[in-house]
Amino acid sequence: MGRSVSYPTGSVVAFRLLDDGEVDDTDWAYECLVDEVIDTAKAAFPSFERFDGWRGREDRILLRNAFADCGISTWCGLAAIWLAERDDAQYWEADFYNPRTARARHWLGQVSGRFIDLFGELRLIGRLSNGEAIFERSRSTCDTGC
């Protein structure tokens, strides 16, 4: 089975290329993208606070609010910038006393379109039988000069 970029199950995901062919230093391009995601997401969604953590071994959490994690995952020059309902012990303990899951899903539904508009350059259009993903440039990217 083919390998593709990881992201949390059920998350809202925006895809973009990490390496645009102009930069030889992939680590530098990654750090620039991380900074851009943090700055842009905090400006668009003020409830986010910086957070340094991981979901598993591949999904890096950059920001967190009461309901969601915002993070980044990369694989072979493809970046997945994602927004997912929190899945940590503190969240579920708080949910036990004051249910948050419905509010979290409502909030994610409200912000998902704006999130994709902010970060999406590529759109996942399908997968081959071996698991490899197929992407196309998003319309908003093409409108601004493919």
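These are my notes on what I looked up in this predicted model.

**Ground rules**

I count residues from 1 along each chain as its sequence is written, and the side-chain values use heavy atoms, with hydrogens and water left out. Since the model is predicted, local features need pLDDT of at least 70 and side-chain atom pairs count only at pLDDT 80 or more, while totals for chains, interfaces and linings use all residues.

**Overall layout**

I began with the elements and found four helices and seven strands. Helices here are DSSP runs of H or I with at least four residues, strands are runs of E with at least two, and both are numbered from the N terminus. Along the sequence the pattern reads β-α-β-β-β-β-α-α-β-β-α.

Next I looked up burial. The protein has 146 residues, and 42% of them count as buried. Buried means under 20% relative accessible area, exposed means over 50%, and partly exposed is in between (1.4 Å probe, protein chains only). The accessible surface comes to about 8700 Å², with 50% belonging to carbon and sulfur atoms. Those areas come from the Shrake-Rupley method with a 1.4 Å probe, and for residues only the protein chains shown count as cover.

I also checked contacts, meaning heavy atoms within 4.5 Å. Among contacts with a separation of 6 or more, 52% are between residues 24 or more positions apart.

**Salt bridges**

How many salt bridges does a search of the whole structure find? I got eight. To count, a side-chain nitrogen of Lys or Arg must be within 4 Å of a carboxyl oxygen of Asp or Glu.

I noted D69 with R64, which meet at 2.6 Å, N to O. D69 is buried at 1% relative accessibility, and R64 is buried too, at 12%.

Then I looked at R86 and D88, whose closest N and O atoms are 2.8 Å apart. R86 has a relative accessible area of 8%, so I wrote it down as buried. D88 is also buried, at 15%.

Another pair I looked up is E85 and R105, at 3.2 Å, N to O. This pair links distant parts of the chain: E85 sits in strand 5 (residues 78–85) and R105 in helix 3 (residues 101–119), 20 residues apart.

**L108**

I stayed on helix 3 for L108. At 11% relative accessibility, L108 counts as buried. Leaving out residues up to four places away in sequence, L108 touches A68, L83, A84 and E85. L83 is 25 residues from L108 in sequence, yet their C-alpha atoms are 7.7 Å apart.

**The second largest pocket**

Strand 1 (12–17), helix 3 and strand 6 (122–127) each give two or more residues to the lining.

By class, I noted seven nonpolar, three polar and two charged lining residues. Nonpolar covers Ala, Val, Leu, Ile, Met, Phe, Trp, Tyr, Cys and Pro, charged covers Asp, Glu, Lys and Arg, and the others, Gly among them, are polar.
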